[in-house]
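The following note concerns helix packing and charged side-chain pairs. Please read it alongside the sequence and the structure.

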Amino acid sequence: MKLSTKGRYGLMAMYRLSQNSGKGPMSLKDIADIENLSEAYLEQLFALLKKRGLVISVRGAGGGYELAKAPNEIHIGDIINALEGDIKLSCCDTNKRLECAKINGCPTKDILKELQSRMEEVMDSLTLADM
């Protein structure tokens with residue numbers, strides 16, 4: 001499993017906002033320049049982050065984006081899920097499990113469930129302030 005550029009770049013950008021927290025909005029251009037990322041790509045990511053209530057936009061001269069909450073209140077899992085969707089290691093925890101012929105005797109079901117649980121636990125225990 002590999003995190004896509006959405007997740008990686010989104011974490012980088014949110015880290016920059018956390019470093020700027022309390023100092024006013026930060027433009028996507030500034031974030032893109034600091035992190036050497038595409039501003040157009042960041043616009044797409046920030047639309048998703050805004051939709052999930054993780055960032056707010058400030059219009060006008062000197063506008064940009066700010067965190068919607070304090071850095072210690074924004075969990076890494078919130079960011080990843082906003083950008084990547086819910087990450088699932090298997091289909092056992094979804095409606096597709098009804099289609100699986102091996103559901104009752106699956107040798108991987110329990111270990112994948114445990115891995116999923118621990119991954120979610122870590123992502124939900126870490127915040128932007130921890131970065």
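**Notes on salt bridges and helix packing**

1. K29 is partly exposed, since its relative accessibility is 45%. The structure discussed here is a predicted model. K29 forms a salt bridge with D33, in which the closest N and O atoms lie 2.9 Å apart. The two residues are 4 positions apart in helix α2, so about one helical turn separates D33 from K29.

2. Helix α2 (residues 28-35) packs against helix α3 (residues 39-51) at an angle of about 120 degrees, and their axes are 9 Å apart. The two helices are therefore oblique to each other. The crossing of α2 past α3 is right-handed. On the α2 side the contact involves L28, K29, I31 and A32, and on the α3 side E39, L42, E43 and F46. Classified by residue type, this contact comprises 5 nonpolar and 3 charged residues, with no polar ones.

3. E35 is buried, at 15% relative accessible area, whereas R16 is partly exposed, at 25%.

4. In helix α5 (residues 109-125), E114 and R118 are 4 residues apart and thus separated by about one helical turn. Their side chains form a salt bridge with an N to O distance of 2.6 Å. E114 is partly exposed at 36% relative accessibility, while R118 is exposed at 54%.

5. Across the whole structure, the search finds 3 salt bridges.

How values were computed
Residues are numbered from 1 along each chain as its sequence is written. This is a predicted model: local features need pLDDT of at least 70, side-chain atom pairs count only at pLDDT 80 or more; totals for chains, interfaces and linings use all residues. Side-chain values use heavy atoms; hydrogens and water are left out. Axes are lines fitted to C-alpha atoms, for helices over the stretch in contact, and angles run from 0 to 180 degrees between N-to-C directions. Angles under 35 degrees count as roughly parallel, over 145 as roughly antiparallel, 65 to 115 as roughly perpendicular and the rest as oblique. A crossing is left-handed if the near helix is turned anticlockwise from the far one by less than a right angle, and right-handed if clockwise. Contact means heavy atoms within 4.5 Å. Ala, Val, Leu, Ile, Met, Phe, Trp, Tyr, Cys and Pro count as nonpolar, Asp, Glu, Lys and Arg as charged, and the others, Gly among them, as polar. A salt bridge is a side-chain nitrogen of Lys or Arg within 4 Å of a carboxyl oxygen of Asp or Glu. Buried means under 20% relative accessible area, exposed over 50%, partly exposed in between (1.4 Å probe, protein chains only).
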